[in-house]
Amino acid sequence: MSDTGQFAAWVGKVEEAEDRVPFQTARALAATLDMDPAAREAAGVVPGGRLPALWHWLAFLPDAPMSDLDGDGHPKRGGFLPPVPLERRMWAGGQLVFHGALQIDAPIRRCSRIAAVAEKTGKTGTMVFVTVEHEIHGPSGLAVTESQDIVYMPIPERFAPPPPVPAPQDGDWSEPVAMDPVRLFRFSAATFNAHRIHVDLEYARTVEKYPGLVVHGPFQAILLMEAARRHKGGAGPTAYRFRGVRPLFHHDALRLIGRRAETGEEDLFTATGDGHVCMQARVVWG
């Protein structure tokens, strides 16, 4: 891959913003994760509590007015991100390092920079990857550094999933998660994500050629992190990386799997009932 000349001017572009995660928004995500009051309190989801890892995604939500949305529900192309003309756009994966704590209801400052715009040709045709780096600060200083990979690609004539990656059979823990349109709607609402592939079944099937509603990549990443944290006795991570391998749909029998490594790291997977990996991740514990 190489920097795409058409969008080279976007590389190095910087955007700064300030926000906070209100307690009510954190409670909404906790409800979507099916946490009861005791589980919420154990996770720190209380007024002024420590924000769980990855829950900073509840801040800096897209607030484009309706007139500035595209047909897929995303904000129209251009602005901070380059106006890549390919129809499908998704969050492909990311890497995070946790330096300190963020608090619920406390101010959060984010500095974002476009690190790269690269083009790749694969079986599905041309794809453009945009890498965005974030530095996220709380009142006590730098809390999270994050790199996000966003992929743009054409919509195919029919759904053709990549070759399946078999889920591991030697996991240290495994648990099922009930997935349905209601849970997807709640996560979309908590993150103010209007991307129609997650909530509009007719659109997902007829326009983007998916067989069902697509489970959000960030939702899978949070589900894995929360399950791993519980199985680790509430430990906090120092680093986390994840990437999508295969789409996961609302009708799939979702299973979360964890496999511990001797180094103290842990490999995590979302898998379908057919045993196909949809997301793989690795967490490093503090």
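This is a predicted model: local features need pLDDT of at least 70, side-chain atom pairs count only at pLDDT 80 or more; totals for chains, interfaces and linings use all residues.
Me: How many aromatic pairs does a search of the whole structure find?

Reply: A pair of aromatic rings is described by the distance of the centres and the angle of the planes. The search here gives 9 aromatic pairs. Take F159 and Y210: their ring centres are 6.2 Å apart and the planes meet at 55°, so this pair is tilted. F159 sits in the loop between β6 and β7, and Y210 in the loop between α4 and α5, so the pair ties together parts 51 residues apart in sequence. F159 is partly exposed at 27%, whereas Y210 is buried at 4%.

Me: Why is the pair of F187 and F219 stacked?

Reply: The planes are at 10°, with the centres 4.4 Å apart, so the pair counts as stacked. F187 is in helix α3 and F219 in helix α5, 32 residues apart. Both F187 and F219 are buried.

Me: Which phi value does D34 have, positive or negative?

Reply: Most residues other than glycine have a negative phi. D34 has a positive one, near 65°. D34 lies in the loop between α1 and α2 and is exposed, at 61% relative accessibility. F192 also has a positive phi, near 50°. F192 is in the loop between α3 and α4 and is exposed at 53%.

Me: How many disulfides does the count come to?

Reply: A disulfide is a covalent bond between the sulfur atoms of two cysteines. The count here is 0. As for individual cysteines, C111 is partly exposed at 22%, and C278 is buried at 1%.

Note on methods:
Residues are numbered from 1 along each chain as its sequence is written. Side-chain values use heavy atoms; hydrogens and water are left out. Helices (H or I, at least four residues) and strands (E, at least two) are DSSP runs, numbered from the N terminus. Buried means under 20% relative accessible area, exposed over 50%, partly exposed in between (1.4 Å probe, protein chains only). A disulfide is a pair of cysteine sulfur atoms within 2.5 Å. Rings of Phe, Tyr and Trp (its six-membered ring) pair if their centres lie within 6.5 Å; planes under 30 degrees apart count as stacked, over 60 as edge-to-face and the rest as tilted.
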